[in-house]
Amino acid sequence: MSGIASLADLRERLANLPDGDEGAAAAIAERQSRLTKPQGSLGRLEELVAWLGRWQGRETPSLDEVSVLVFAGNHGVVARGVSAYPASVTAQMVANFERGGAAINQICKSVGAKLRVIPLKLDAPTGDFTEKQAMSEAEFIEAVAAGCDAVPASADLLCLGEMGIGNTTAAAAVAAALFGGGGAHWAGRGTGVDDHGLARKQAVIDKALARHAAVLADPLSAAAALGGRELAAILGAALAARRRRVPVVLDGFVSTVAAAPLMKLRAGALDHVLAGHVSAEAGHRILLGELGLKPLLDLDMRLGEASGAAVAVLVLRAALACHTGMATFAGAGVSDKPS
């Protein structure tokens with residue numbers, strides 16, 4: 001169990017984060033220098049293997065157990081007309097995941113990943129944050145703890161995603177609280193709202209920022225006031241993964257916003273995190289720049305449900321296969337570049 005009882009407990013855990021294994025990363029770089037290719041010719045694939053090894057603490061990383069967690073939550077702000085779909089779609093999509101009928105089910109099969117979908121009190125939406133806090137401190141901590149507890153101890157890699165009608169509005173509001181700017185700067189079309197819907201969404205975010213201005217200087221309080229249970233759970237899962245030294249791949253805009261308070265509270269708190277892709281959702285590219293995260297893929301995806309993160313696993317598997325399977329110059333009898 002997570003044992004997190006309060007925001008103070010959560011801050012204490014952030015103050016004691018393990019570093020990666022630089023010795024393992026150095027050993028991986030040394031082997032890369034001896035493989036049958038020009039130095040650095042595999043580009044980011046070489047960096048990815050070192051990243052895996054640094055956080056797994058292994059000179060030979062493994063992707064035997066890839067875990068994909070999708071957290072689902074409902075949002076009271078949907079009543080403000082910020083989504084093209086009704087809130088009932090969240091539970092319907094969770095049922096679709098469980099039947100194996102969603103995109104993420106197919107992607108997980110193709111990349112050899114294990115999917116777990118975790119609904120978080122779908123029958124009790126968060127508060128409409130234009131009128132009150134989305135979550136009390138206790139509700140926020142409960143969702144964070146659920147995310148912490150969901151991380152498998154044996155995972156080699158963790159991919160984090162979400163499902164929740166209205167959550168791009170919540171995510172845009174949290175991003176604005178953390179990094180400045182209003183609804184027009186961060187809000188996108190989400191599930192496909194028209195121009196009038198986008199204008200409503202922007203106005204709702206601005207109203208929420210004004211209402212909760214007194215708490216927005218604290219990243220965790222802002223996440224509770226404006227976020228959602230699935231966002232809080234992603235934050236908890238990312239934190240638990242760091243404490244267990246499990247590398248993490250984040251999905252799109254919502255997932256990235258969810259983890260962002262960790263970095264706002266402590267520099268380097270997301271060093272174990274990779275941005276699987278840059279979403280077509282407005283604001284995601286800006287957010288990745290704020291966090292210093294370089295996306296692995298740019299495929300104009302905006303589905304959520306960890307789809308972009310899971311597709312990125314294919315690239316990680318290719319990187320690891322090259323590192324472990326290629327011959328060295330000496331082993332292959334190939335002449336190396338003269339020093």
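The buried residues of helix H4 (88–99), where buried means under 20% relative accessible area with a 1.4 Å probe and protein chains only, are Val89, Thr90, Val94, Asn96 and Phe97. Because they cover an arc of only 160° around the axis, taken from the directions from the helix axis to the C-beta atoms, they lie on the same side of H4. On the other side of H4, Glu98 and Arg99 are exposed, that is, over 50%. The cover over the buried residues of H4, counted as heavy atoms within 4.5 Å, includes strand E1 (66–72), helix H5 (103–111), strand E2 (113–119) and E3. Gly100, with a positive phi near 85°, follows H4.

This is a predicted model, in which local features need pLDDT of at least 70 and side-chain atom pairs count only at pLDDT 80 or more, while totals for chains, interfaces and linings use all residues. Residues are numbered from 1 along each chain as its sequence is written, and side-chain values use heavy atoms, without hydrogens and water.

A pocket is an open set of points on a 1 Å grid where a 1.4 Å probe fits, with protein on both sides within 12 Å along at least five of seven lines, and its lining residues have an atom within 4 Å of a point.

| Pocket | Volume |
|---|---|
| Largest pocket | about 500 Å³ |
| Second largest pocket | about 150 Å³ |

Of the 29 residues lining the largest pocket, Gly190, Thr191, Arg302, Leu303 and Gly304 lie nearest its centre. H4, strand E3 (157–163), helix H7 (167–179) and helix H12 (253–265) each give two or more residues to this lining. In the second largest pocket, H3 supplies the largest share of the lining, four residues.

Technical notes. Points joined across faces, edges and corners; volume = space filled by probe spheres on them.
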